[in-house]
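Walk through this structure with me, one neighbourhood at a time. Keep the coordinates open as you read.

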Amino acid sequence: MVEHLQRYGVISSMKVAEVMETIDRALFVPDGALAYADSPMAIGYNATISAPHMHATCLQLLEQNLQPGMHALDVGSGTGYLTACFAIMVGPQGRAVGVEHIPELVASSIKNIEKSAAAPLLKEGSLSVHAGDGRQGWPECAPYDAIHVGAAAPEIPQALLDQLKPGGRMVIPVGNMFQDLKVVDKNMDGSISIRSETSVRYVPLTSRDAQLRGD
Ligand code: SAH
């Protein structure tokens with residue numbers, strides 16, 4: 001899978017190739033699913049695990065902000081795949097936090113991570129996954145060098161901008177039917193620069209009730 005993504009130019013970073021080889025996607029997809037196919041997959045509760053090329057794209061966009069010792073937040077952490085990748089990249093001196101509003105997914109993501117190469121980091125506490133509304137971020141471990149949002153927001157939540165460190169970067173899909181993956185940089189003076197990376201299709205960042213109703 002990683003070689004395929006390298007061949008097609010999706011992965012150019014060695015670090016990203018390494019971390020995606022270290023965290024085995026097969027441990028994070030439903031049993032019997034085609035783990036290494038390049039497509040998103042349903043994981044229940046109207047949620048999906050993102051396609052490998054989206055995981056790779058987001059890891060590459062955030063690579064400079066996932067160096068050892070840094071703090072990373074994964075909003076809508078779902079299966080926990082990217083949270084685990086973040087934890088490996090920031091290492092035991094860093095902090096990787098997942099926030100997911102479906103408690104059953106929080107529980108299953110923790111089980112997935114326990115089977116993965118990130119298990120020791122979960123045990124030591126540099127990696128954690130919490131049940132909560134990710135639109136509020138996770139203030140306890142703020143500010144963050146890297147924030148990833150795995151669901152599409154109608155607009156960028158202010159709480160997430162506030163929890164971004166100067167010099168920090170957020171990658172977030174923004175829009176409703178038509179969405180852009182936005183790269184949001186907080187400059188050292190606190191000002192914000194935003195650019196669009198690519199068009200995407202994510203499940204909405206919404207309330208738990210709306211998601212379970214499938215609105
Ligand atoms: N990166 C994850 C993506 C999961 S899909 C993965 O690849 O496994 C998006 C996730 O966002 C879903 O699990 C959904 O339950 C969650 N989500 C949607 N709105 C949310 C909110 N307001 N707070 C927290 N999680 C949310």
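Asn46 sits in the loop between β1 and β2. This is a predicted model. The phi of Asn46 is near 60°, a positive value in a residue other than glycine. Asn46 counts as partly exposed, because its relative accessibility is 45% and the buried class ends under 20%. Tyr45 lies in the loop between β1 (41-44) and β2 (47-49) as well. Tyr45 is not a glycine, yet has a positive phi of about 60°. With a relative accessible area of 36%, Tyr45 is partly exposed. Why do these angles deserve a remark? Most residues other than glycine have a negative phi.

The bond from Ala142 to Pro143 is cis, with omega near 0°. Look for Pro143 in the loop between β5 (127-131) and β6.

Now turn to the ligand. How many residues surround the ligand? The count is 24, and the closest are His55, Thr79, Glu100, Gly134 and Thr206. A polar side-chain atom of Thr79 lies 2.7 Å from an oxygen atom of the ligand. For His55, an N or O atom of the side chain is 2.8 Å from a ligand oxygen. Ser50 takes part through its backbone: a polar backbone atom there is 3.1 Å from an oxygen atom of the ligand.

His55 leads on to helix α3, where it is among the buried residues. Is α3 largely enclosed or open, and why? Nine of its eleven residues are buried, so α3 is largely enclosed by the rest of the structure. The buried residues are Pro52, Met54, His55, Ala56, Thr57, Cys58, Leu59, Leu61 and Leu62.

Just after α4, Gly91 takes a positive phi of about 75°.

How do the two helices meet? The axes of α3 (residues 52-62) and α4 (residues 81-90) come within 11 Å and cross at roughly 35°. The crossing is right-handed. On the α3 side, the contact uses His55, Leu59 and Leu62; on the α4 side, it uses Tyr81, Leu82, Cys85, Phe86 and Met89. By class, this contact has seven nonpolar residues, one polar residue and no charged residues.

His148 belongs to β6 (residues 144-149). Is His148 buried or exposed? It is buried, because its relative accessible area is 4% and the limit for that class is under 20%. Leaving out residues up to four places away in sequence, His148 touches Cys58, Leu62, Leu73, Asp74, Val75, Leu82, Phe86 and Val171. Leu62 is one of the α3 residues in the helix contact, and Leu82 and Phe86 are among those from α4. What joins the side chains of His148 and Asp74? A polar contact of 2.8 Å does.

Gly98 is found in strand β4 (residues 95-100). Its relative accessible area is 0%, so Gly98 is buried. Setting aside neighbours within four places in sequence, Gly98 is in contact with Asp74, Ser77, Thr83, Ser128, Val129 and His130. Val2 is 96 residues from Gly98 along the chain, and the C-alpha atoms of the two are separated by 24 Å.

Finish at strand β8 (residues 179-186), the place of Gln179. Gln179 counts as buried because its relative accessibility is 6%. Which residues does Gln179 touch, not counting those up to four places away in sequence? They are Ala152, Pro173, Val174, Thr198, Ser199, Val200, Arg201 and Tyr202. With Tyr202 there is a polar pair: a polar side-chain atom of Gln179 lies 2.7 Å from the backbone nitrogen of Tyr202.

Technical notes:
Residues are numbered from 1 along each chain as its sequence is written. This is a predicted model: local features need pLDDT of at least 70, side-chain atom pairs count only at pLDDT 80 or more; totals for chains, interfaces and linings use all residues. Side-chain values use heavy atoms; hydrogens and water are left out. Axes are lines fitted to C-alpha atoms, for helices over the stretch in contact, and angles run from 0 to 180 degrees between N-to-C directions. Helices (H or I, at least four residues) and strands (E, at least two) are DSSP runs, numbered from the N terminus. A crossing is left-handed if the near helix is turned anticlockwise from the far one by less than a right angle, and right-handed if clockwise. Contact means heavy atoms within 4.5 Å. Ala, Val, Leu, Ile, Met, Phe, Trp, Tyr, Cys and Pro count as nonpolar, Asp, Glu, Lys and Arg as charged, and the others, Gly among them, as polar. Buried means under 20% relative accessible area, exposed over 50%, partly exposed in between (1.4 Å probe, protein chains only). A polar contact is a pair of N or O atoms within 3.5 Å; within protein, one must be able to donate a hydrogen and the other to accept it, and residues adjacent in sequence count only if both atoms are side-chain atoms. A residue is near a molecule or strand if one of its heavy atoms lies within 4 Å of it.
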